[in-house]
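Subject: Structure handover

Dear colleague,

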Amino acid sequence: MALISPQQYEESLKKRKPRIFMNGKKVKNVFDNPNIRTVIESNKASYRWALDPGYQEIMTAISPLTNDRVNRYVYVSRSREDLVAKAIAGTFTAERLGTCIYRCPGLDAFHSLASTTWEMDKNLGTEYHDRFIKYLKTVQENDLAVAGALTEPRGDRKKRALDWPDPYLSVKIVEKKSDGIIVRGAKINISGAYVSNEIVVLPQSAKRKDEGDYALSFAIPADAEGITYICQYS
């Protein structure tokens, strides 16, 4: 199931229960909210065009991980030609929607992690790249809408993480356990985060050795326990 329909994407959202506050009020139904509805419809367009024979060459690619056609927004470029195709897809969608398809930051996060984890494994002897590839394959097989969480609400950009007035102005590790880590903190997400299937979290800037608790990247379900979305629309 490498390509799903717009209807299947929307049905996947109905299984989620995100905690969202918009303009100070809790959102009870994401599908009835006009601001959120526009984001859902934009994402649905990416699924619709991928299944349209007239646009499939723009909006899809053959993945070496699945040996199947996958959505352009879950495909990591492997050549200059792929990068050009990625740019063409972005122009194509922007011209028709007048806005972003909210899967863009997730796609950019995939590209960043693909290269960074490969270099880490080569230089440090870690196994992060293999873990990333397994995750990417799962995303492609299920055609997940993935948002990227990068920006930090940290205030003065000249200050290092250890000098922030609040240590949780970005996501950081608060406990390491045998089966994983516990994190706490905030991110300034794109509007598509609350109607994504998953979120990939990355640090916004390079971290020094003593800021290691902030130098982490991970993927979580967009409605994972403990996540709250606070939005302000005019």
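Strand β8 (residues 198–201) and β9 run antiparallel and are joined by 4 bridges, where two strands pair if DSSP finds at least two bridges between them. The model is a predicted one, in which local features need pLDDT of at least 70 and side-chain atom pairs count only at pLDDT 80 or more, while totals for chains, interfaces and linings use all residues. Residues are numbered from 1 along each chain as its sequence is written, and side-chain values use heavy atoms, with hydrogens and water left out.

The open sheet consists of 3 strands in the order β5-β8-β9, with mixed pairing. Because β5 (146–149) and β9 (218–221) stand at its edges with a single partner strand each, one side of each has no neighbour in the sheet. Helix α5 (residues 104–124) packs on the sheet and touches β5 and β8, contact meaning heavy atoms within 4.5 Å.

As for the helix pair, the axes of α2 (residues 34–51) and α4 (residues 80–97) come within 11 Å and cross at roughly 125° (axes are lines fitted to C-alpha atoms, for helices over the stretch in contact, and angles between N-to-C directions run from 0 to 180 degrees). Ser42, Ala45 and Trp49 of α2 make the contact with Phe92, Thr93, Arg96 and Leu97 of α4.

Best regards

Note on methods. Helices (H or I, at least four residues) and strands (E, at least two) are DSSP runs, numbered from the N terminus.
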